[in-house]
Each structure stands twice: as structure tokens, then as C-alpha cells.
Amino acid sequence: MVHFGNDWDEILSGEFEKEYYLKLRAFLKSEYLSHTVYPPMHDIFNALKTTAYQDVKVCILGQDPYYRPHQAHGMCFSVLPEVEIPRSLQNIYKELKDDLGIPIAHTGYLKKWAEQGVLLLNTVLTVREGEPLSHKDKGWEIFTDDVLRKLNEKKEPVVFLLWGSPAKKKAVLIDNPIHLKLECPHPSPMSASYGFFGCRHFSKTNAFLLKNGLTPVDWNLND
């Protein structure tokens with residue numbers, strides 16, 4: 001049984017007994033035994049373990065985890081301290097600097113954001129080494145869709161940052177008018193220049209939070 005250690009335990013309690021998840025679990029057991037899979041098994045749900053449901057005020061929705069060694073640790077776009085900052089995250093930092101004047105971070109570890117209520121969620125939570133999207137359509141999308149539906153039910157406003165095509169497809173799940181949906185291309189080097197740069201999602205997020213009486217996110221990771 002998956003244990004989050006916060007209110008997600010109750011909110012998602014029935015999910016792990018459903019047929020799709022039992023099939024997904026069997027698939028993952030085989031994958032972890034026969035291949036190198038990221039993130040490590042005990043890190044798969046780090047985003048939900050770190051950011052309780054009641055605390056979520058922003059949800060950044062990525063695609064699937066980094067597929068190179070030592071990168072993925074269960075939070076979208078984040079890498080552990082001392083790990084080289086991936087190019088997608090470098091582009092996120094460039095946009096942050098252009099948008100809010102925040103200096104480029106020296107670390108790729110985004111736990112400080114998560115601890116402020118930024119849920120760092122991928123649409124797919126695992127991947128085989130060297131094979132992006134290798135765990136697509138195995139059941140994770142059903143699980144993360146349910147997470148998004150639960151967030152849509154929140155009575156407090158949430159900002160959803162939907163980056164890239166897989167994330168933007170989830171916009172239909174967010175129909176509660178109290179929330180804010182912001183969509184743009186993925187920050188990947190292949191697509192960042194087509195609308196991620198200049199999206200100003202960070203300043204728009206904080207303006208929305210302030211307007212709704214919520215504390216803005218301190219995006220600066222250098223202090």
C-alpha cells in the first residue's frame with residue numbers, strides 16, 4: 001500500500017485497489033526487476049509526499065521523469081542537489097529571470113517550491129532509462145488525471161501551469177472557475193522558443209495568488 005504521510009492518503013485511498021492500478025503495479029514490478037527505471041521506486045510519489053493536498057496552491061504539470069542517470073527523484077523538472085541542471089530546467093530559470101528578475105539558480109533541486117505549495121507533478125511518474133515516454137499509456141495517466149480532478153474540487157484557488165502537449169490535454173479536467181489555467185509549450189530546448197519564453201507564468205501566478213488573498217511563491221532558490 002502506498003503511504004504519503006499526509007491528507008493524500010485519504011483522498012486517494014481507493015485508487016490503489018482499482019483494476020488499472022493493479023495492472024500498473026504488476027507492470028512496474030516487472031520493469032524495475034528487468035530494466036533500470038527512474039525515479040528509484042521509493043521516490044515515485046515524492047511530489048505528493050512533499051506537498052499535501054490542503055497546501056497545494058500551484059500545480060506544475062510536466063510530461064514524464066528525466067530518463068538519464070541520477071536525475072529524476074519524483075518531482076517534475078527537479079534534480080537532486082549537486083546534479084547538473086538539465087536544459088529544460090535551465091530554460092525555466094531563464095524565463096524566471098526575464099519575468100521576475102530572479103537570479104539563475106545554482107541548484108536544480110526544487111523542493112523549496114514544493115514546500116510552499118507547488119505540486120511538481122508529471123503526467124507519467126516513471127520511465128525506463130534512455131527511453132522517454134516508455135511508460136506512457138500504462139496507467140499513470142489515469143492516476144494523475146484523478147489527482148487533477150481532486151485538485152479541481154478544492155474550494156481554494158489553484159494555479160495550474162500546463163507545459164507541453166501532454167499537460168495541455170489535461171486542461172479539460174480543470175473546469176472549476178475559481179482556478180487559473182496557464183498553458184504554453186514545454187520548456188525543452190526543442191520547444192521553449194515557441195512560446196515558453198515570454199509566457200510570464202511566474203508573475204501571473206503570483207498576481208493571481210495575491211488577488212485571492214494567498215501568499216505568493218518565493219521562486220528564488222539561491223537563498
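**Entry 1: strand S2 and its partners**

I began at strand S2 and found four bridges joining S2 to strand S5 (residues 159-163), the two running parallel. This is a predicted model, so I kept local features to pLDDT of at least 70 and side-chain atom pairs to pLDDT 80 or more, while totals for chains, interfaces and linings use all residues. I number residues from 1 along each chain as its sequence is written, and side-chain values use heavy atoms, with hydrogens and water left out. My helices (H or I, at least four residues) and strands (E, at least two) are DSSP runs, numbered from the N terminus.

Ile60 has Leu161 as its bridge partner in S5. Turning to strand S3 (residues 118-122), I noted five bridges to S2, again parallel, with Val58 opposite Val118. I call two strands paired if DSSP finds at least two bridges between them.

How much of S2 (residues 58-62) is buried? Five of the five residues are, so the strand is largely enclosed by the rest of the structure. Buried here means under 20% relative accessible area, exposed over 50%, and partly exposed in between (1.4 Å probe, protein chains only). Val58, Ile60 and Gly62 point one way from S2, while Cys59 and Leu61 point the other way.

**Entry 2: the sheet**

I then traced the open sheet: four strands in the order S3-S2-S5-S6, with parallel pairing. S3 and S6 are at the edges with a single partner strand each, so one side of each has no neighbour in the sheet. From one strand to the next the twist averages 15 degrees.

**Entry 3: the core**

Which residues touch the most other members of the largest nonpolar core? I got Ile60 and Trp113, out of 71 residues in that core. Helix H2 (residues 19-34) gives the most to it, with six residues. For this I took a nonpolar core as a set of buried Ala, Val, Leu, Ile, Met, Phe, Trp, Tyr and Cys residues joined through side-chain atoms within 4.5 Å.

Leaving out residues up to four places away in sequence, I listed what Trp113 touches; among them are Ile60, Ile92, Leu96, Val118 and Trp219. Contact means heavy atoms within 4.5 Å.

**Entry 4: H4 against H8**

Next I looked at helix H4 (residues 87-100) and helix H8 (residues 201-211), whose axes come within 8 Å and cross at roughly 60 degrees. That makes H4 oblique to H8. Axes are lines fitted to C-alpha atoms, for helices over the stretch in contact, and angles run from 0 to 180 degrees between N-to-C directions. Angles under 35 degrees count as roughly parallel, over 145 as roughly antiparallel, 65 to 115 as roughly perpendicular and the rest as oblique.

On the H4 side the contact uses Ile92, Glu95, Leu96, Asp99 and Leu100, and on the H8 side His201, Phe202, Ser203 and Asn206.

The buried residues of H8 include Thr205, Phe208 and Leu209, and its buried residues pack against S2, H4, S5 and strand S6 (180-184). Just after H8, I spotted Gly213 with a positive phi of about 75 degrees.

**Entry 5: Asp145**

Last stop: Asp145, in helix H6 (residues 140-152). Is Asp145 buried or exposed? Asp145 is buried, at a relative accessible area of 16%.
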